[in-house]
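Here is a friendly walk through one model, feature by feature. Keep the viewer open as you read.

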Amino acid sequence: MVTGAAAHELPKLPWADDALAPHISPRTIGFHYGKHHAGYVRKLNAALEGTDAAGLPLEKLIALGAEGGDYAKYFNNAAQIWNHTFYWNSMRPGGGGAPSGRMADLIGASFGGWDEFRAAFAKAAGGQFGSGWAWLVAEGDKLAITATGNAGTPIAHGGKPLLTCDVWEHAYYLDYQNARGDYTGAFLDHLINWEFAEANLG
Ligand SMILES: [Fe+2]
């Protein structure tokens with residue numbers, strides 16, 4: 001029994017709630033961050049209270065949860081907390097479009113160029129059936145695009161994500177209704193935080 005273990009916290013947003021408008025409205029951010037992301041934190045802390053798992057870092061909970069067994073019940077909320085924090089940081093006002101520098105070189109070497117990367121990422125985001133996430137990940141000295149369902153996350157299996165786009169309906173429905181492609185297009189053209197992606201290369 002761990003007593004007095006620090007509860008998981010809802011990280012602050014890296015920008016004001018209206019900073020991504022008109023591509024993502026403050027109303028969407030209000031629900032998505034203030035209700036959904038906050039809800040995952042609240043539910044995880046409630047589930048952990050008084051257990052041996054309280055006090056474990058989020059990444060450890062995710063890795064153990066992905067293996068199944070006693071920790072599996074923590075996986076969804078723990079992974080959704082991590083994924084959402086990563087998603088907020090994957091965006092910035094005035095972002096998106098083709099990267100420059102090291103990321104431009106890697107995008108070119110891995111996909112052929114911005115246009116090819118853009119089409120492949122949009123296809124992965126659009127092709128994820130139901131709720132999930134589209135990711136740009138590093139694999140060796142190349143980049144790759146992947147998608148996960150529900151709370152799935154590359155870090156559960158030793159992956160190295162650089163950025164992510166949340167394709168759960170709660171990420172875009174208020175602004176785009178069912179037009180997921182318009183939302184992922186705005187993410188690609190106006191929101192991607194390439195500096196964050198590059199920093200994640202290490
Ligand atoms: Fe979300």
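With a relative accessible area of 37%, His 190 counts as partly exposed, because partly exposed covers the range between under 20% (buried) and over 50% (exposed). Please keep in mind that this is a predicted model. His 190 belongs to helix H7.

Which residues does His 190 touch once its neighbours within four places in sequence are left aside? They are His 23, Arg 92, Gly 94, Gly 95, Gly 96 and Gly 97. As for Thr 28, which is 162 residues away along the chain, its C-alpha atom is separated from that of His 190 by 17 Å.

## Two salt bridges

The count of salt bridges comes to 2. In one of them, the side chains of Glu 195 and Arg 92 meet, with an N to O distance of 3.1 Å. Glu 195 is partly exposed at 48% relative accessibility, and Arg 92 is partly exposed at 29%. Arg 92 is also one of the contacts of His 190.

Arg 118 and Asp 189 form a salt bridge too, and their closest N and O atoms are 2.8 Å apart. Here again distant parts of the chain are linked, with Arg 118 in helix H5 (residues 114-127) and Asp 189 in helix H7 (residues 180-191), 71 residues apart.

## Packing of H1 and H3

Two packed helices can be described by the angle between their axes and by the distance between those axes. For helix H1 (residues 26-48) and helix H3 (residues 72-89), the angle is about 145° and the axes are 9 Å apart. On the H1 side, the residues making the contact include Ile 29, His 32, Tyr 33, His 37 and Tyr 40. On the H3 side, they include Tyr 74, Asn 77, Ala 78, Tyr 87 and Trp 88. Sorted by class, the contact has 12 nonpolar, 6 polar and 1 charged residues. The crossing of H1 and H3 is left-handed.

## Strand E1 and its partners

How many of the residues of strand E1 (residues 132-139) are buried? The number is 7 of 8, so the strand is mostly covered, given that buried means under 20% relative accessible area. E1 runs antiparallel to strand E2 (residues 142-149), and 8 bridges join them. Glu 139 stands opposite Lys 142 in E2. The two strands form a hairpin with 2 residues between them, and Gly 140 in the turn has a positive phi of about 65°.

E1 is also joined to strand E3 (residues 160-166), again antiparallel, by 6 bridges. Within this pairing, Leu 136 has Leu 163 of E3 as its bridge partner.

## Backbone details worth a look

Ala 21 and Pro 22 are joined by a cis peptide bond, with omega about 5°; Pro 22 is in the segment before H1.

Asn 150 has a positive phi, near 50°, although it is a residue other than glycine. Asn 150 is placed in the loop between E2 and E3 and is partly exposed at 47% relative accessibility. Gln 177, not a glycine either, has a positive phi of about 50°. Gln 177 lies in the loop between helix H6 (173-176) and H7, and at 41% relative accessibility it is partly exposed.

Key:
Residues numbered from 1 in each chain as written. Predicted model: local features only at pLDDT ≥ 70, side-chain atom pairs only at ≥ 80, totals over all residues. Heavy atoms only, no water. Axes fitted to C-alpha atoms, helices over the stretch in contact; angles between N-to-C directions. Helix = DSSP H or I, 4+ residues; strand = E, 2+ residues; numbered from the N terminus. Left-handed = near helix turned anticlockwise from the far one by under 90°. Contact = heavy atoms within 4.5 Å. Nonpolar A, V, L, I, M, F, W, Y, C, P; charged D, E, K, R; others polar. Salt bridge = Lys/Arg side-chain N within 4 Å of Asp/Glu carboxyl O. Buried < 20%, exposed > 50% of the residue type's maximum accessible area, 1.4 Å probe, protein only. Pairing = 2+ DSSP bridges.
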